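Hi there,

Here is the structure I promised to pass on. Have a look at it first, and then read on for what turned up.

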Amino acid sequence: MKTIYRIFPSIGIARLGNSNTTYFLGPESPGIVPQGPYRDESSPGKIKPQATRFRVYEFRRDEFGEETVTRELIPNAKIRIKWSVHLVNRKAAAGQFPPSGPSAPPRNDGYDRAGLVIDAGVQSRSGKSKAALTLSGDINFIRDGNVEASERIQLGRILTDEKGRLIVVGGPGKSGSPISRGLDNFANNDGWYDGVSDGPVSALIEVADEEPVLAEGGPLGSDCPAIVCAWYRERNHLV
């Protein structure tokens, strides 16, 4: 029997919201609706961002390739999970839409491409109930080696819950033009940025007396794996 670890969900959606003090968790199991309210009652007019909660499950794989989920992995004195998240927004450096793709003319033509990428870098959290860490990156409008304007942009937040699960919170959804350009298109406005991002989530598993190992990504695309969903629903009395 071989032990493997997988992150669930395989794809998480963390939606935008302009409250910096609270959030709500998105759907975690089929048929389970997130609990409101969805507005921040402590800051009238502000909307809570949606967060995604990530977990690690342990599987046992036999010699025939059949897999059985044995437990959700929770950090303790013998188990450590180091979560890492890398959020990036490359829109300003991408091609125009439509058509997009390699043949599309570039947005912000004439500006340094690397400077247009908003990259929060790889950020990590481990342990239980760790406070939120803000993930931000810079956009730099650089032409012929000269920086015309720069701005730091928040892409999201990461923290851990009381069980050591990773929570990724959507950003505030801010947009703007550091070089004071106007808007004339629904998608291709040179000089502008927005705070939407995406990127990978990884987990390094350290179990006492074993070699550290990276958890695998979700096993069956973006849908809930039946074996995990059944186990989760039974464990949490949802059936």
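In which loop does Ser180 lie? Ser180 lies in the loop between strand 10 (175-176) and strand 11 (193-194). Helices (H or I, at least four residues) and strands (E, at least two) here are DSSP runs, numbered from the N terminus.

Before going further, a word on how to read this. It is a predicted model, in which local features need pLDDT of at least 70 and side-chain atom pairs count only at pLDDT 80 or more, while totals for chains, interfaces and linings use all residues. Residues are numbered from 1 along each chain as its sequence is written, and side-chain values use heavy atoms, with hydrogens and water left out.

**Confidence**

pLDDT is the predictor's confidence in each residue, from 0 to 100. Its mean for the protein is 89, and 90% of the residues reach 70 or more. Among the elements, strand 7 has the highest mean (98) and helix 1 (residues 226-235) the lowest (46). Over residues 218-239 the pLDDT stays under 50. Where pLDDT is low, the predicted coordinates should not be read in detail.

Most residues other than glycine have a negative phi, and most peptide bonds are trans. Ser180 has a positive phi, near 60°, without being a glycine. With 65% relative accessibility, Ser180 counts as exposed (buried means under 20% relative accessible area, exposed over 50%, partly exposed in between, using a 1.4 Å probe and protein chains only). Ser129 also has a positive phi, of about 55°; this serine lies in the loop between strand 6 and strand 7 and is exposed, at 52% relative accessible area.

There are cis peptide bonds too. One joins Phe97 and Pro98, with omega about -15°, and another joins Pro98 and Pro99, with omega about 10°. Pro98 lies in the loop between strand 5 and strand 6, and Pro99 is found in the loop between strand 5 and strand 6 as well.

**Cores**

A nonpolar core is a set of buried Ala, Val, Leu, Ile, Met, Phe, Trp, Tyr and Cys residues joined through side-chain atoms within 4.5 Å. The largest one has 30 residues, and Val56, Ile81, Trp83, Ala203 and Ile205 have the most contacts inside it. Several elements give two or more residues to this core, including strand 1 (2-8), strand 3 (50-61), strand 5 (79-89) and strand 12 (201-207). Strand 5 supplies the largest share, five residues. Apart from this core lies another, of five residues, among them Phe8, Tyr57, Phe59 and Val69.

Contact means heavy atoms within 4.5 Å. Leaving aside neighbours within four places in sequence, Ile81 touches residues including Val56, Leu73, Arg125, Ala203 and Ile205. Phe141, in strand 7, is buried at 0% relative accessibility. Its contacts beyond four places in sequence include Tyr111, Leu116, Pro178, Ile179 and Trp192.

Four strands form an open sheet in the order 6-5-12-13, with antiparallel pairing (two strands pair if DSSP finds at least two bridges between them). Strand 6 and strand 13 (213-214) stand at the edges with a single partner strand each, so one side of each is left without a neighbour in the sheet. Two bridges join strand 12 to strand 13, and Ile205 has Val213 in strand 13 as its bridge partner.

**Aromatic rings**

Rings of Phe, Tyr and Trp (its six-membered ring) pair if their centres lie within 6.5 Å; planes under 30 degrees apart count as stacked, over 60 as edge-to-face and the rest as tilted. By that rule there are four aromatic pairs. Phe8 and Tyr57 make an edge-to-face pair, 6.0 Å centre to centre with 70° between the planes. This pair links strand 1 and strand 3, across 49 residues of chain, and Phe8 and Tyr57 are both buried. Phe97 and Phe186 are also edge-to-face, at 6.4 Å and 70°. Phe97 is in the loop between strand 5 and strand 6 and Phe186 in the loop between strand 10 and strand 11, so the pair ties together parts 89 residues apart in sequence. Phe97 is partly exposed, at 41%, whereas Phe186 is exposed, at 68%.

Best wishes
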